[in-house]
Amino acid sequence: MSGGTEITPNMHAEERTNALYKETLRRVLWGERKGEVLEALREMGVDESEAKELHQRATAERIEGIRHECANKMKWGIG
């Protein structure tokens, strides 16, 4: 994995999921397309449904971050 957390076979399930999520979020924040992110996850041994769930969660977090940034800008611009 380039620049991400190493995922090893002996990781506990929760630790593995967290590492996969961090990698997915890193890719989403970097602007990789959904198909590229899902393909990278598949190459790491993640099944399609888990890959889609991780991508959806990371995308939702990114959208929430954008909304928060915009709300702060509006607050300071208006008030």
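**View 1. Arginine 26 and its salt-bridge partner.** At 28% relative accessibility, arginine 26 is partly exposed. This is a predicted model, and in it the side chain of arginine 26 pairs with glutamate 23 in a salt bridge, 2.7 Å from N to O. The two sit 3 residues apart in helix H1, so about one helical turn separates them. Glutamate 23, for its part, is buried, at a relative accessible area of 1%.

**View 2. A network of charges.** Salt bridges tie Glu23, Arg26, Arg27 and Glu32 into a network. Here arginine 27 meets glutamate 32, with their closest N and O atoms 2.9 Å apart. Arginine 27 counts as buried, at 12% relative accessibility. Between these two partners, just after H1, glycine 31 takes a positive phi of about 95°.

**View 3. A link from H1 to H3.** Arginine 16 forms a salt bridge with glutamate 50, the closest N and O atoms being 3.2 Å apart. This one joins distant parts of the chain: arginine 16 belongs to helix H1 and glutamate 50 to helix H3, 34 residues apart. Arginine 16 is partly exposed, with 24% relative accessible area.

**View 4. The largest nonpolar core.** Eleven residues make up this core, among them Leu20, Tyr21, Leu25 and Val28. H1, H2 and H3 each give two or more residues to the core, and H1 gives the most, with 4. Look beyond the sequence neighbours of tyrosine 21 (those within four places), and its contacts are Leu54, Arg57, Ala58 and Glu61.

Terms used: Residues are numbered from 1 along each chain as its sequence is written. This is a predicted model: local features need pLDDT of at least 70, side-chain atom pairs count only at pLDDT 80 or more; totals for chains, interfaces and linings use all residues. Side-chain values use heavy atoms; hydrogens and water are left out. A nonpolar core is a set of buried Ala, Val, Leu, Ile, Met, Phe, Trp, Tyr and Cys residues joined through side-chain atoms within 4.5 Å. Buried means under 20% relative accessible area, exposed over 50%, partly exposed in between (1.4 Å probe, protein chains only). Contact means heavy atoms within 4.5 Å. A salt bridge is a side-chain nitrogen of Lys or Arg within 4 Å of a carboxyl oxygen of Asp or Glu.
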